[in-house]
Amino acid sequence: MNTPSFPSPSLVTTDQNAEQYQRSGSTSGAMTKDQSRRRRWHDVFWLGIFVTHLIGFGCVLGVLGLNRFKKKNRLDIDKYTYRFMENEAGLTEDYWPLYAVAGGVGTVLGCSWLLLLGSRATDMMKVSVHILTTYLAVISVLCFWAHQFFWGVAFAIGATLQFLYVISVIDRLPFTMLVLQKAVKMVWNLPKVLRVAYAFMVVVLLWMALWSFGAAGVVASSMGDGGRWWLLVVLSISLFWTGAVLCNTVHVVVSGMVFVVSIHGDRDGASIPANSLLKTLQYALTTSFGSICYGSLFTAAIRTLRWEIRGLRSKIGKNECLLCCVDFLFHLVETLVRFFNKYAYVQIAVYGKSFNRSARDAWELFQSTGVEALVAYDCSGAVLLMGTIFSGLITGTCSGVWAWIKWSDRAFMIGSTSMLMGMVLVGVALVVVESAVTSIYICYAEDPLLIHRWDPEFFNQISETLHQRLKHRSARAKEVLNHNQLDGIQENGSI
């Protein structure tokens, strides 16, 4: 592994730096080479799958909602589900307002995150990290009190995992908050990027209006709890994928703009070409949209699993049996991360590659420069996810409490799906920060001088942290090697 030499800031050769600056001197910044030629369409198959899914589910949602809108069984669908009828049927408009509350609360929380990015974002993130465990524990107690044992256990497990994870990464939080502060500072100086996030929140709301219409029809149906839950799970998976695609589209747009800012070395973004945002948005919605749809299916789940395994692995100690099992899972997930990671979206934005190639190139870039040690140490993605989950819980609580007052038997259906709506809406707001973080690391790996020109003080801080992490890894590798040699000597002596 080629590691950067210190105090020298560069991770690349002089010729590569010269090439970077020749490229950065052009009027269109980082994307000059790509914009000068027509970009190819990538992952078109997944684009077709997503569009087909969107059209299909849109029709299904409309039918489910209309079937009980102002008239029970308007479309005579009950004849196909009469075997599963266990509850008294309601009307779509009885439950649709509860989802309207979820949409309103989620929108307010998402807009609050965007409006407070410049002044209170760090404080809000700290609150999210520390209060999420308590909130999950309180909800768990309330679920047990309401005799909802499944949900009580689920939230209790969530609170435990959250507590253990925070304890395992508590020493990383100062560096994480530093990176988040710089990312917030970068996007706050790009008001056009924030407007893109607002625009996509409106798009999400429009889709949620249709989605909640269908979900309300499912809740109002006369099917048993099992049938309704299965339908809601399927609809929730569809909403999650759609929300992830929209979030990652914003991710690509913001990443492209942040890369341009880094190339120009302009903190305020005043020297950025006027058409950069439009071109980045055009690419994200056309040639690169298939790659976004593809990556959105798997990236979030793999990232979350990786965070949990890393946190558990760091706290196992000397339990060799458990360590062996966790190491197996760790290496399996690391293999998946090589092909599915959030840093791919920066490569997609800048170079217009396919998703798998972008993910592989980004990960190989990190490993070849040693920046992977810095990426592994940073917890900004997990912190932002905590803020998203916390906001989703608030949204679900608001709708769930109202539903409990009116229909206690359907409160958890409405509360859980409302939570997902809130998470998607807030996720669109927070993804602007996450995309800035990923872009910072890609820029630092490609040419650290890009970060130095943008913020010399931050460059020194991030370089020092990387130096410390590389020393820590080297010392740990020597310790493992010495331990293995000692075990080998002892085994030979006993023989």
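Student: How far does helix α7 reach from its first C-alpha to its last, and what span is expected at 1.5 Å a residue?
Tutor: Keep in mind that this is a predicted model. Helix α7 covers residues 173-188, which gives it 16 residues. At 1.5 Å a residue the expected span is 22 Å, and the helix comes close to that, with a reach of 22 Å.

Student: Is α7 largely enclosed by the rest of the structure or largely open, and how many of its residues are buried?
Tutor: Buried means under 20% relative accessible area. Among the residues of α7 that qualify are L173, F175, M177 and even K182. The helix is largely enclosed by the rest of the structure, because the buried count is 12 of the 16 residues.

Student: What does the whole chain look like, and what share of it is buried?
Tutor: The chain has 19 helices and 0 strands. Looking at contacts with a separation of 6 or more, 80% are between residues 24 or more positions apart. As for burial, the chain has 495 residues, and the buried share is 53%.

Student: Are α6 and α16 roughly parallel or roughly antiparallel?
Tutor: The axes of α6 (residues 149-168) and α16 (residues 380-406) come within 13 Å and cross at roughly 150°. Angles over 145 degrees count as roughly antiparallel. So α6 and α16 are roughly antiparallel.

Student: Which hand does that crossing have, and how do the contact residues of α6 and α16 divide by class?
Tutor: The crossing of α6 and α16 is left-handed. On the α6 side the contact uses F155, Q162, Y165 and V166, and on the α16 side A382, M386 and L393. By class, that contact comes to 6 nonpolar, 1 polar and no charged.

Student: How are α13 and α14 arranged, roughly parallel or roughly perpendicular?
Tutor: Helix α13 (residues 344-351) packs against helix α14 (residues 355-369) with axes 8 Å apart, at an angle of about 110°. Anything from 65 to 115 degrees counts as roughly perpendicular. That makes the arrangement of α13 and α14 roughly perpendicular.

Student: What classes of residue make the contact of α13 with α14?
Tutor: This crossing is right-handed. From α13 come A344, Y345, Q347 and I348, while α14 brings F355, S358, A359, D361, A362 and L365. Sorted by class, they are 7 nonpolar, 2 polar and 1 charged.

Student: Is K70, with its positive phi, buried or exposed?
Tutor: K70 is not a glycine, yet its phi is near 65°. You'll find K70 in the loop between α3 and α4. Its relative accessibility is 62%, so K70 counts as exposed.

Student: Where is H147, and what is its relative accessible area?
Tutor: H147 has a positive phi of about 65° although it isn't a glycine. Its place is in the loop between α5 and α6. H147 is exposed, and its relative accessible area is 60%.

Student: What separates the C-alpha atoms of N189 and V261?
Tutor: N189 lies in the loop between α7 and α8. With a relative accessible area of 23%, N189 is partly exposed. N189 and V261 are 72 residues apart along the chain, and their C-alpha atoms are separated by 9.9 Å.

How values were computed. Residues are numbered from 1 along each chain as its sequence is written. This is a predicted model: local features need pLDDT of at least 70, side-chain atom pairs count only at pLDDT 80 or more; totals for chains, interfaces and linings use all residues. Side-chain values use heavy atoms; hydrogens and water are left out. Axes are lines fitted to C-alpha atoms, for helices over the stretch in contact, and angles run from 0 to 180 degrees between N-to-C directions. Helices (H or I, at least four residues) and strands (E, at least two) are DSSP runs, numbered from the N terminus. Angles under 35 degrees count as roughly parallel, over 145 as roughly antiparallel, 65 to 115 as roughly perpendicular and the rest as oblique. A crossing is left-handed if the near helix is turned anticlockwise from the far one by less than a right angle, and right-handed if clockwise. Contact means heavy atoms within 4.5 Å. Ala, Val, Leu, Ile, Met, Phe, Trp, Tyr, Cys and Pro count as nonpolar, Asp, Glu, Lys and Arg as charged, and the others, Gly among them, as polar. The expected span of a helix is 1.5 Å times one less than its number of residues. Buried means under 20% relative accessible area, exposed over 50%, partly exposed in between (1.4 Å probe, protein chains only).
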